[in-house]
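Subject: Structure handover

Hi,

Have a look at it first, then read on.

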Amino acid sequence: MKLQLLETWSRRHTAPCPWELPKDYVLATHQWAVYEALQDPAVDVVFNVAMTGDGKSLAAYLPLLRAPKGSSARGLYAYPTNELIRDQERQLTGLQADFQRKLRHSRVDGDALSDYQRQAEASRYIAIQDLLHGTDCVLTNPDIFTLILNFHYVPRGGNPATLAQKLANWFSFYVFDEFHIYDAHQVGTILDAMLFLKAQRQGSPLKFVFLSATPSRILLRHLQAAGLRHVTIAGDYRHGPRPGGEFRSILAPVALELVPLDRGTLEWFRTNVGLIRDFFARNPVARGLVVVNSVFTAMQLTDYLRTALPELRVASNTGLTGSEERRQADTADLIIATSTVDVGVDFRINLLIFESLDAGSFIQRLGRLGRHRHCPQGTFAEYQAIALLPGYLVQRFQLHFADGQNVARTELYNAVKGEQGEGIFPQPNRFDGYLPRWSVLNSMWRAHQLQQDHTRYGSVGAAYQRLAAGVFAYTGAARDRARALKQAPYQAVAHALCAFRGGGQPDVWVHTPEARGVTHYSLFRLLAGTEFSFLTEAEAERICRRVDSPFYKPLLELYARIESFREERLPYQVRFQGRLTDAGLEQAVDRRGFYLEARRPEMLRINDCLLAAPLATTATRDSTDVLRRRLALPPLFALYPVVDESGATFSVAFGQDALLLDSLLYRRAASTHGGDCR
């Protein structure tokens, strides 16, 4: 099925500005509206929902680049990936030159902190303090932001909240990019951080900006209880021929083909590699991007296309790709990537081939294309997108659109998301019960810590508790659970709850020599999809130093080097040494005793580590297929069939996924028995 996406135009801001714009710059209406909202004392929270490609980043930087006279505007910008932080740092450098505004800015991510620690021979606490000192602008990720706000970095013998209080008192606004990809756990964590910042400021001006495809329904519901007033700002768009002089083009016309993927992705490329070759042959100026769901598929595809298309420079950009190789990908003809590029990284491309299993990734990936008319080699002549989808999704597209139809992007996106009824993609569960079930516990722990030492924290503890108790609805039952989770049997659950993302998964440290990358990766996926060998911890640390990457111990203290990627997945079985019913079903609890059965020589070493590891888990008797369908779980939600010593098969989620699943099962049980999900 083929569709023609029409050119997209954004309305310009035509009223006079109080300051001059650099040459060739034109403000969109949403950019000026964000600037005004950040000066408005009646607005605390701004949601900018402008389309991809319409300059949401510039809207967020304008308060610094054109700060009102007498303003002490300083901003903290949180981006969900370090790749996006580096991309934004490049953009900010260019904006400073164009606007002739010198900003004192710093990048605070794992790489920057490790570099500073090595050079200054300083602790993590000192590194963060120094990098924050005197800045107008900090680019960081939400993980480090929430670690600071959760008092994770502590000076020796000092106040645990020192960094958090400095951060709260220094910055006047906080920007969170790509907020629509945050899950319920992450939304709850950010909301709790907002309450602490508000309590710390106690009346001083404070703003929050969320750059997002759609505002978080969960967050919106709780802002009023927090006394935070919000405004949602959207762009004004037209599609097709130029509508008038007050509009500027932001997205070029795109030929979109929707392909049912009946066989594997790699097999599709083997059959259709000629399509890529022909595109580059008829476009002397061309660059392409391929985005797939699996890291292993991406690495296999990179190897194949390098052989099949020797005339092109093919590079990868995945979670297993090192920083130097990612930089080289910036100049490649064809980039093979995973979700690492979903979140705003800007590519100058005119060919896009992508997989997608949900509405968010479909819109996000398609939004990579058509944003630029030029690349360093010249001007693009055409834009082609090929979406590789499950067959039933292509059939759903055919119910909404005719083959060959001209379609406005807003019309396409509304159909995909279901703005006018049932969407083309199934709507995944949003885990609405997570905040009253789990985020409230994190909040109570913070309130207890602040109230425990009034001399250190002053009136902040009381102010925070007043806010948080109203937002998270403190109850006696929640207090009992908060106390219980601080006890030894629940250490893994508490750890998963405190981490911003990924906490508690059975992960191992992984190195890919060809891509010069290191990361933490799921043991189960590694076992199924690769051939690998084990390294010692010391060898892993040396590799991290060689590729200039921070070293972090994984939950399972296993260190693996990937030798090759398997085309056919290796079958394995997860088992439990005991009865899963002994620790209680359909609730998040700590469990030890998991092990794997697979025909691999490394299994003894793997199981020695896995058996001993305390893991946060939620187990249920429902099969994985039934559970996914009944609870509308997101497509990539990690759920595993596990056989215990009784021979019965259960569905088990680990880490933060266990907490998310628990919140759904608890709400289901509460509704069945007429109870309340709190």
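Searching the whole structure, which is a predicted model, turns up 2 cavities of 30 Å³ or more. The largest cavity holds about 70 Å³ of space. Its lining is made up of N150, H185, G188, T189, D192, Y434, S439, N442, F472 and L497. Two elements give two or more residues to that lining, helix 8 (184–201) and helix 16 (434–452), and helix 8 gives the most, with 4 residues. If you sort the lining of the largest cavity by class, you get 3 nonpolar, 6 polar and 1 charged residues.

The second largest cavity has about 40 Å³ of space, and its lining reads quite another way by class: 8 nonpolar, 1 polar and no charged residues. The residues around the second largest cavity are L76, V108, L132, V138, T140, I144, F145, I148 and L167. Strand 6 (137–140) and helix 6 supply at least two residues each, and helix 6 has the largest share, 3 residues.

That brings me to helix 6 itself (residues 142–149). How many of its residues are buried? The count is 7 of 8, so to speak mostly covered. The buried ones are P142, D143, I144, F145, T146, I148 and L149, and I144, F145 and I148 also turn up in the lining of the second largest cavity. Just after helix 6, F151 takes a positive phi of about 60°.

Strand 16 (residues 351–355) is worth a look. Why is it described as largely enclosed by the rest of the structure? Because 5 of its 5 residues are buried. Both faces of strand 16 are covered, with L351, I353 and E355 buried on one side and L352 and F354 buried on the other. Strand 16 runs parallel to strand 13, joined to it by 4 bridges, and V290 stands opposite I353 there. Strand 16 also runs parallel to strand 19, this time with 5 bridges, and here L351 stands opposite Q384.

Further along the order, strand 1 (residues 2–5) pairs with strand 12 (residues 254–260) in the antiparallel sense over 4 bridges, with L3 opposite L256.

Last item: a hairpin. Strand 21 (residues 507–512) and strand 22 (residues 517–522) pair in the antiparallel sense over 6 bridges, with T512 opposite G517. There are 4 residues between the two strands, and R516 in the turn has a positive phi of about 55°.

Cheers

Key
Residues are numbered from 1 along each chain as its sequence is written. This is a predicted model: local features need pLDDT of at least 70, side-chain atom pairs count only at pLDDT 80 or more; totals for chains, interfaces and linings use all residues. Side-chain values use heavy atoms; hydrogens and water are left out. Buried means under 20% relative accessible area, exposed over 50%, partly exposed in between (1.4 Å probe, protein chains only). Two strands pair if DSSP finds at least two bridges between them. On a 1 Å grid over the protein atoms alone, a cavity is a set of points where a 1.4 Å probe fits but cannot get out, and a pocket is an open set with protein on both sides within 12 Å along at least five of seven lines; lining residues have an atom within 4 Å of a point. Grid points are joined across faces, edges and corners, and a volume is the space filled by probe spheres set on the points. Ala, Val, Leu, Ile, Met, Phe, Trp, Tyr, Cys and Pro count as nonpolar, Asp, Glu, Lys and Arg as charged, and the others, Gly among them, as polar.
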